[in-house]
Amino acid sequence: LFTQNILYSPSFFVSNCDILIDANYSDILNYHKINENKITMITSLKSFKVPYGIVDLDDSGLIKKTREKPEYNHLINTGMYVVEPELLEFIPDGEFFHITELIEICIDKGFKVGTYPVSEDSWLDMGQFDEMDNMLQKLGVQ
């Protein structure tokens, strides 16, 4: 339905230079357009397991609860976005401006800011050494 419109879409992708996303970019753009977002953040569910027992204290410093090696799930910003061109007017000329600042402006103005989730295996990050090793392994370089 939207495939032909995508070819003429002024929407554009923004990506951090240290990531790769293995996904169908046409699907991402379709999702962005169908949902009428001003920005769509590509996200991934990431699990973190704490290798120790966690202790929660009450206000007086006494143990309230313990949790053995808990696991937490968070939706992670992968560093890729689809952006509508009219948002460029909010970016100041000649100075550093982080995209998360643009996202905050959009939220404050009541614009739709959405998320497009990809699997953890679809997101490759080389911003940290262990993650870079993982990316090289998945790409068959090691």
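Is Val-55 buried, partly exposed or exposed? At 46% relative accessibility, Val-55 counts as partly exposed, where buried means under 20% relative accessible area, exposed means over 50% and partly exposed is in between (1.4 Å probe, protein chains only). Keep in mind that this is a predicted model, where local features need pLDDT of at least 70, side-chain atom pairs count only at pLDDT 80 or more, and totals for chains, interfaces and linings use all residues. Residues are numbered from 1 along each chain as its sequence is written, and side-chain values use heavy atoms, with hydrogens and water left out.

**Overall layout**

- The protein has four helices and eight strands; helices (H or I, at least four residues) and strands (E, at least two) are DSSP runs, numbered from the N terminus.
- Going along the sequence, you get the pattern α-β-β-α-β-β-β-β-α-β-β-α.
- Of the 142 residues, 28% count as buried.

**Strand pairing around β6**

- Strand β1 (residues 12–15) pairs with strand β6 (residues 71–83) in the antiparallel sense, over four bridges; for two strands to pair, DSSP has to find at least two bridges between them.
- Within that pairing, Val-14 has Tyr-81 in β6 as its bridge partner.
- Strand β3 (residues 39–49) also goes with β6 in the antiparallel sense, this time over 11 bridges.
- Thr-43 is the residue that stands opposite Asn-77 in β6.

**Helix α2 and its ends**

- Helix α2 runs over residues 25–34, and its buried residues are Ile-28, Leu-29, Asn-30 and His-32.
- At the N-terminal end of α2 the cap is Asn-24, with a side-chain oxygen 2.9 Å from the backbone nitrogen of Ser-26.
- After α2 comes Glu-36, and its phi is positive, near 55°.

**Salt bridges**

- The count comes to four salt bridges, a salt bridge being a side-chain nitrogen of Lys or Arg within 4 Å of a carboxyl oxygen of Asp or Glu.
- One of them joins Lys-38 and Glu-86, with the closest N and O atoms 2.5 Å apart. Lys-38 sits in the loop between α2 and β3, and Glu-86 in the loop between β6 and α3 (99–108), so the pair ties together parts that are 48 residues apart in sequence. Lys-38 is partly exposed at 24% relative accessibility, and Glu-86 is partly exposed at 34%.
- Another joins Lys-46 and Glu-120, where the closest N and O atoms are 3.3 Å apart. This pair links distant parts of the chain, with Lys-46 in strand β3 and Glu-120 in the loop between β7 (113–118) and β8 (123–125), 74 residues apart. Lys-46 counts as buried at 14% relative accessibility, whereas Glu-120 is partly exposed, with a relative accessible area of 33%.
- The side chains of Lys-46 and Glu-120 also make a polar contact at 3.3 Å; that term covers a pair of N or O atoms within 3.5 Å, and within protein one must be able to donate a hydrogen and the other to accept it, while residues adjacent in sequence count only if both atoms are side-chain atoms.
- Asp-56 and Arg-67 form a salt bridge too, the closest N and O atoms being 2.9 Å apart. Here the link is between Asp-56 in strand β4 and Arg-67 in strand β5 (residues 63–68), 11 residues apart. Asp-56 is partly exposed at 22% relative accessibility, and Arg-67 is partly exposed with a relative accessible area of 26%.

**Surface patch**

- Val-55, Leu-57 and Ile-63 make a nonpolar surface patch of about 290 Å². Patches are made of residues with over 30% relative accessible area and no salt bridge, with like charges joined within 9 Å and nonpolar side chains (Val, Leu, Ile, Met, Phe, Trp, Tyr) within 5 Å.
- The accessible areas come from the Shrake-Rupley method with a 1.4 Å probe, and for residues only the protein chains shown count as cover.
- Val-55 itself lies in strand β4 (residues 53–57).

**Cysteines**

- The structure holds zero disulfides, a disulfide being a pair of cysteine sulfur atoms within 2.5 Å.
- Cys-17 is exposed, with a relative accessible area of 77%.
- Cys-106, on the other hand, counts as buried at 0% relative accessibility.
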